[in-house]
Amino acid sequence: MATLPESQALLIDADDTLWENNIYFERAIADFISFLNHRERSPAEVREILNDVERECIVSHGYGLHSFEHALIKTFERISIEPLTPGLHQTIRGFARTIAEEPVQLLPQVAETLQYLAERHHLILVTKGDFAEQSGKVERSGLKQYFSAVEVVADKTVSAYHEVVGKHKLVSQRTWMVGNSPKSDINPALGAGLNAVFVHHNDTWILEHEELTTAQPPSRLLVVKSFAELAAHF
């Protein structure tokens, strides 16, 4: 793709696009499954049940640590022979709390790439989940200075992208959603008539996996291996 001649609007995802996120959840899940040590179900079977419970909790509690904590507790209640005592409840909550204590670890060359892009284009950070939780990560990341706005949405849907575009008076054909999730970042953005950049990440959350939609003209889809590659295209 040739360098774009005019300023573009880049809507940029946060978790697992700018900084590590899912690796901490995976670590907590592994610790939870090890703690559970189920006699009849394999770790893979327990994980499948947890995935199903997480889908249920997203509907009732949205995205974020609060929802994840509920999913761990509900999974324990669903498959454990033991009753959920106050002590066990606190132990299970602890698996989720460890994630909140993790520092914001930027992915390679993110800050340098954002600085380069911010001098040439209009950057808006678009993330989903709990407002306080996501806003806190943005503040701690040290990256807020590169964005003209931060949008924390409950979910990334076609209508959510339409709302962001309308709110900031963006031109769809010059607007790109940049992220690592086909399900949340790429496919609904293309569905909203925007362009999209899929940034590969080795540890994208399994519930965000989905086949990439084919971009329908005039929308365009760009696939890159790292965030730093954006500087070569924008």
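These legends describe close-up views of a predicted model.

**View 1. Six strands line up in an open, parallel sheet.** The strand order is β3-β2-β1-β4-β5-β6. The edges belong to β3 (149-153) and β6 (221-224). Each edge strand has a single partner, so one of its sides has no neighbour in the sheet. From one strand to the next, the twist averages 20°. Strands of a sheet pair through backbone hydrogen bonds.

**View 2. Strand β4 pairs with β1 and with β5.** Strand β1 (residues 9-12) and strand β4 (residues 175-179) are parallel and share four bridges. Leu-10 has Trp-176 of β4 as its bridge partner. β4 and β5 also run parallel, joined by four bridges. Here Val-178 stands opposite Val-197 of β5.

**View 3. Strand β5 is covered on both faces.** Five of the five residues of β5 (residues 195-199) are buried, so the strand is largely enclosed by the rest of the structure. In a regular strand, side chains alternate between the two faces of the sheet. On one side of β5 lie Asn-195, Val-197 and Val-199. Ala-196 and Phe-198 lie on the other.

**View 4. Helix α6 packs on the sheet.** The helix spans residues 131-141 and touches β2 (122-128) and β3. Its direction makes about 150° with that of β3.

View 5. The axes of α2 (residues 43-61) and α3 (residues 65-79) come within 8 Å and cross at roughly 130°. The crossing is right-handed. From α2, the contact residues include Val-46, Ile-49, Leu-50, Val-53 and His-61. Those from α3 include Phe-68, Ala-71, Leu-72, Thr-75 and Arg-78. The residues of this contact divide into ten nonpolar, five polar and four charged.

**View 6. Helices α1 and α4 pack roughly antiparallel.** The axes of α1 (residues 22-36) and α4 (residues 86-100) lie 8 Å apart, at an angle of about 160°. Angles over 145 degrees count as roughly antiparallel, so this pair qualifies. α1 passes α4 in a right-handed crossing. Tyr-24, Phe-25, Ala-28, Asp-31, Phe-32 and Phe-35 form the α1 side of the contact. They meet Leu-88, Thr-91, Ile-92, Phe-95, Thr-98 and Ile-99 of α4. Nine residues of the α1 and α4 contact are nonpolar, two are polar and one is charged.

Conventions
Residues are numbered from 1 along each chain as its sequence is written. This is a predicted model: local features need pLDDT of at least 70, side-chain atom pairs count only at pLDDT 80 or more; totals for chains, interfaces and linings use all residues. Side-chain values use heavy atoms; hydrogens and water are left out. Axes are lines fitted to C-alpha atoms, for helices over the stretch in contact, and angles run from 0 to 180 degrees between N-to-C directions. Helices (H or I, at least four residues) and strands (E, at least two) are DSSP runs, numbered from the N terminus. A crossing is left-handed if the near helix is turned anticlockwise from the far one by less than a right angle, and right-handed if clockwise. Contact means heavy atoms within 4.5 Å. Ala, Val, Leu, Ile, Met, Phe, Trp, Tyr, Cys and Pro count as nonpolar, Asp, Glu, Lys and Arg as charged, and the others, Gly among them, as polar. Two strands pair if DSSP finds at least two bridges between them. Buried means under 20% relative accessible area, exposed over 50%, partly exposed in between (1.4 Å probe, protein chains only). Angles under 35 degrees count as roughly parallel, over 145 as roughly antiparallel, 65 to 115 as roughly perpendicular and the rest as oblique.
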